[in-house]
Amino acid sequence: MSETAPPPIVIAIEIDDPEMADRLASLLGGVAGLHLAAPGEAAGVAIVSRNQREARDAADIELTPRELDVLTLLAEGASNKTIARQLGISVHTAKFHVGSILDKLDATGRTDAVAHAARRGVINL
């Protein structure tokens with residue numbers, strides 16, 4: 001009975017620091033069962049720098065400029081009434097924007113939305 005080796009685990013490295021990427025590539029390149037992905041090659045695992053991940057996460061969220069205004073006010077703890085007054089919109093419209101933000105960020109509430117947005121780099125606190 002002949003045993004066949006399992007397919008290698010394909011790893012992509014996406015790091016801003018070329019020196020660090022080269023060091024990781026040389027370390028991982030010699031490990032049996034691993035294969036470093038070539039540019040454009042699909043990978044099962046990715047090593048990504050935190051800054052790139054945050055930028056990609058922020059780019060995945062498409063808030064309108066008005067929703068960003070509302071989110072900024074949410075981060076300051078503003079109520080719907082305060083948001084409406086500050087932006088010159090109706091309370092109903094402020095509520096609509098808050099609901100849209102909660103949906104887009106997959107948040108359970110206002111505080112959760114601000115936390116998600118800050119974690120993903122959409123807003124800076």
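**View A. Helix H1 over the sheet.** In this predicted model, helix H1 (residues 18-29) lies across S1, S2 and S3. Its direction is about 170° to that of S1.

View B. The three strands make an open sheet, ordered S2-S1-S3, and their pairing is parallel. At the edges sit strand S2 (34-36) and strand S3 (45-48), each of which pairs on one side only. Ignoring direction, neighbouring strands are turned by 30° against each other on average.

**View C. Zooming in on S1 and S3.** Strand S1 (residues 9-14) and S3 run parallel, and four bridges join them. Look for Ile-11, which stands opposite Val-45 in S3.

**View D. Where H3 meets H6.** Now for a helix pair: helix H3 (residues 65-75) and helix H6 (residues 110-119) have axes that come within 9 Å and cross at roughly 110°. Angles of 65 to 115 degrees count as roughly perpendicular, so that's the label H3 and H6 get relative to each other. The crossing of H3 and H6 is left-handed.

**View E. Side by side in the H3-H6 contact.** H3 brings Leu-71, Leu-74 and Ala-75 to the contact, while H6 supplies Arg-110, Ala-113, Val-114 and Ala-117.

Terms used: Residues are numbered from 1 along each chain as its sequence is written. This is a predicted model: local features need pLDDT of at least 70, side-chain atom pairs count only at pLDDT 80 or more; totals for chains, interfaces and linings use all residues. Side-chain values use heavy atoms; hydrogens and water are left out. Axes are lines fitted to C-alpha atoms, for helices over the stretch in contact, and angles run from 0 to 180 degrees between N-to-C directions. Helices (H or I, at least four residues) and strands (E, at least two) are DSSP runs, numbered from the N terminus. Angles under 35 degrees count as roughly parallel, over 145 as roughly antiparallel, 65 to 115 as roughly perpendicular and the rest as oblique. A crossing is left-handed if the near helix is turned anticlockwise from the far one by less than a right angle, and right-handed if clockwise. Contact means heavy atoms within 4.5 Å. Two strands pair if DSSP finds at least two bridges between them.
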